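The sequence and the model are shown first, and the description follows.

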Amino acid sequence: MKKIKFSLNLGIIGADGSGIDFLIDYLKQSALKNDKNEKLNEFLIIYNDIPVKIKVFNGKDFNQLNERYENIRRIDAIIVIIDIYNLNSLNGDLFKGFEEFNTLYMFRGVSILAGIDKFFIENGVVSDKLRISRINLIQKTKDLGFLYCFEIQNRNNDILEIFNKFIDNFMKKVRNINPELLERAKTYGKELNDQFNS
């Protein structure tokens, strides 16, 4: 049987200490440990029985992705991570090169703005420090023309919801174009699951 899996290129934009590591750690935990030769930024996961390889390209701003265009060529989803306690992050350097990114990549994928509450994740309580409000996050999402806005307060559930959102969006497109290919990929995914859960 042909080993059918889908490949998604994910761009993650975030400043140092913004919380990108939470997303990468989640992918590491979710990935099948099937190939020791996989590159550090590639993760094979099973999504609803479908094998999906997610290749992550991250940067401190959009310009860093623009500079790597020749090696990347395609971005299927973009996640911008904001530390909600960094009051300048919505208007800061994260968005440098955003317009060029849209043009260069002809980007039509899933776009997500995610505010992360690292204090709550690490301590389990709400901080009394000033923070970016949900209203401001939603407004920035609209200003950018992004599709989705999230606030991450739970290391697993909230991050799972983000990944489900962009993978499901991609799978709907595949289902509309080639439902038979999707079913064949599911068969291979079930084999992989059996192989690594036995």
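A residue counts as buried if its relative accessible area is under 20%, and as exposed if that area is over 50%. The model described here is predicted. With a relative accessible area of 7%, Y105 is therefore buried. Y69, at 18% relative accessibility, also counts as buried.

**Aromatic pairs**

The structure holds 9 aromatic pairs. One of them joins F6 and F170, whose ring centres are 6.0 Å apart; the planes stand at 70°, so this pair is edge-to-face. The pair links distant parts of the chain, as F6 belongs to strand 1 (residues 6-13) and F170 to helix 7 (residues 157-177), 164 residues apart. F6 and F170 are both buried.

Y69 and Y105 form an edge-to-face pair as well, with 5.0 Å from centre to centre and 80° between the planes. This pair also links distant parts of the chain: Y69 is in helix 3 (residues 69-72), while Y105 lies in the loop between helix 4 (98-104) and strand 5 (110-116), 36 residues apart. Y69 and Y105 are members of one aromatic cluster that is formed together with F62, F98, F101, F107 and F146.

**Helix 7**

Helix 7, which contains F170, has 21 residues. From its first C-alpha to its last it reaches 30 Å, close to the 30 Å expected at 1.5 Å a residue. The buried residues of helix 7 are D158, I159, I162, F163, F166, I167, F170, M171 and V174.

How many of the 7 residues of strand 4 (residues 77-83) are buried? The count is 7 of the 7, so strand 4 is largely enclosed by the rest of the structure. In a regular strand, side chains alternate between the two faces of the sheet. Both faces of strand 4 are covered: A77, I79, I81 and D83 are buried on one side, and I78, V80 and I82 are buried on the other.

Strand 4 runs parallel to strand 1, to which 4 bridges join it. Strand 4 also pairs with strand 5 in the parallel sense, over 7 bridges. In that pairing, A77 has V110 of strand 5 as its bridge partner. The chain passes from strand 4 through helix 4 to strand 5, and this β-α-β crossover is right-handed.

I13 is found in strand 1 and stands opposite V80 in strand 4. Is I13 buried or exposed? At 0% relative accessibility, I13 counts as buried. Leaving aside residues up to four places away in sequence, I13 touches I20, G59, K60, D61, F62, L65, I78, I79, V80, I81 and L94. Among these contacts, F62 belongs to the aromatic cluster that includes Y69 and Y105, and I78, I79, V80 and I81 are among the buried residues of strand 4. Computed along the sequence, I13 and Y148 are 135 residues apart, and in space their C-alpha atoms are 15 Å apart.

Notes:
Residues numbered from 1 in each chain as written. Heavy atoms only, no water. Phe/Tyr/Trp six-rings, centres within 6.5 Å; stacked < 30°, edge-to-face > 60°. Helix = DSSP H or I, 4+ residues; strand = E, 2+ residues; numbered from the N terminus. Buried < 20%, exposed > 50% of the residue type's maximum accessible area, 1.4 Å probe, protein only. Expected span 1.5 Å × (residues − 1). Pairing = 2+ DSSP bridges. Right-handed = clockwise from strand over helix to strand, strands pointing away. Contact = heavy atoms within 4.5 Å.
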